[in-house]
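Hi there,

I'm passing on the structure we talked about, and my notes follow below it. Please have a look at the model first and then read on.

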Amino acid sequence: MNIQKALHRVYNQLVVSNVNINVPCSYFVRQNHDKADLNEHRAKVMGRGLPVKKPLPGVKSIVLVASGKGGVGKTTTAVNLACAMKVIEPDKEIGLLDADVFGPSVPLMMNISGEPMLNDDNLIEPLLNYGVKCMSMGLLVAGENAVVWRGLMVMQALERLTRHVAWGPLDCLIVDTPPGTGDTHLSLAQNLPIDGAIVVTTPQSAALQVTKRGVNMFEKLKVPIVGLVENMSHAICHRCGTKNYVFGTETKKTADQLNLEIIQSFEVDQDMSECINSGKPAIYALPDSIHAEKYRHLANRVFKYIAKKDTERVKATK
């Protein structure tokens, strides 16, 4: 069957009588819809399809920790940041959400395990350790079982980890997101009022290239970026104290290109690996170390950022 007969059959079934099937479809669309019409149509469709952002009950601020590429120390940053925020401001309530459904690492790094309980409101009670409220898919999946789900199931799981958890009261929820620029980031940004995102990278060209994509994603989603955190910046020789830039020094150049600030930079340290394996964050295991000091500075930076956002919101309502 040729294209003309096929079009004729379709149009007859739709009872469309004012279509000239001898005119190419592309010409018909251009003839009846100019660019302004198409843009207006897209805006209506997008506006109708996007969910309304609703805050999490009892949660004042939400900060994402993200990375374009995996293996750059994103979860290490999220865990130590959350703990450092609790250390420097003990009266503040801090939460940590592991939104990496397929590769949850927060239970290991925070030394938490066991199935969470439901409260009287049928909400999941987050587990508490080091004064930080934690929730992760790793707590809901038995043992070393793999999560093999399609996108829709992942989104449903993310909904449960956010809105079906008794988070409140919280001054700040730190969200450890998976690597890349996928459904999780899109869902979080479209459903929750995100105050800002911290983008974690390493100096390798491959990591920095993907970091640019991550920054671009947040710009499109209208999520403000707090700044860049650079891990594995350099290694220090234990004999002479010389800094060895094993992976290069391109992070500053990339930050300048993106018009972003490197808000903290961490060197390679074997003790950090031991902290991860033992489930005791460096802020507690090595309180006098340079890493712990830098995490405290990073936490202070985030608190100041949140305070500024709060001030801006108050001014906007006046």
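**From the sheet outwards**

Strand β7 (residues 225–230) and β10 run parallel and are joined by three bridges. Val 229 has Gln 264 as its bridge partner in β10. Strands here are DSSP runs of E with at least two residues, helices are runs of H or I with at least four residues, and both are numbered from the N terminus. Two strands pair if DSSP finds at least two bridges between them.

Before you go further: this is a predicted model, in which local features need pLDDT of at least 70 and side-chain atom pairs count only at pLDDT 80 or more, while totals for chains, interfaces and linings use all residues. Residues are numbered from 1 along each chain as its sequence is written, and side-chain values use heavy atoms, with hydrogens and water left out.

The protein has twelve helices and ten strands. Eight strands make up an open sheet with mixed pairing, in the order β3-β4-β2-β5-β1-β6-β7-β10. β3 (127–129) and β10 (262–265) are at the edges with a single partner strand each, so one side of each has no neighbour in the sheet. From one strand to the next, the twist averages 25 degrees.

Now for the strands inside that order. β6 and β7 pair in the parallel sense over five bridges, and Ile 198 has Gly 227 as its bridge partner in β7.

How well covered are β5 and β7? In β5, five of its five residues are buried, and in β7 six of its six are. Buried means under 20% relative accessible area, exposed means over 50%, and partly exposed lies in between (1.4 Å probe, protein chains only). Cys 172, Ile 174 and Asp 176 point one way from β5, whereas Leu 173 and Val 175 point the other way. Of the 318 residues of the protein, 41% count as buried.

Helix α12 (residues 290–317) lies across β1 (62–66), β2 (94–98), β5 (172–176), β6 (196–201), β7 and β10, and runs at about 160 degrees to β10. Axes are lines fitted to C-alpha atoms, for helices over the stretch in contact (heavy atoms within 4.5 Å). Angles run from 0 to 180 degrees between N-to-C directions.

The largest pocket has a volume of about 350 Å³. Its lining is made of 23 residues, and Val 72, Gly 73, Thr 76, Met 232 and Ile 276 lie nearest its centre. α4 (74–88), α10 (270–278) and α12 are the elements that give two or more residues to the lining. A pocket is an open set of points on a 1 Å grid over the protein atoms alone, where a 1.4 Å probe fits, with protein on both sides within 12 Å along at least five of seven lines; lining residues have an atom within 4 Å of a point.

Gly 71 is found in the loop between β1 and α4. With a relative accessible area of 69%, Gly 71 is exposed. The C-alpha atoms of Gly 71 and Thr 201 are 9.1 Å apart, although 130 residues separate the two along the chain.

Best wishes

Definitions and conventions:
Points joined across faces, edges and corners; volume = space filled by probe spheres on them.
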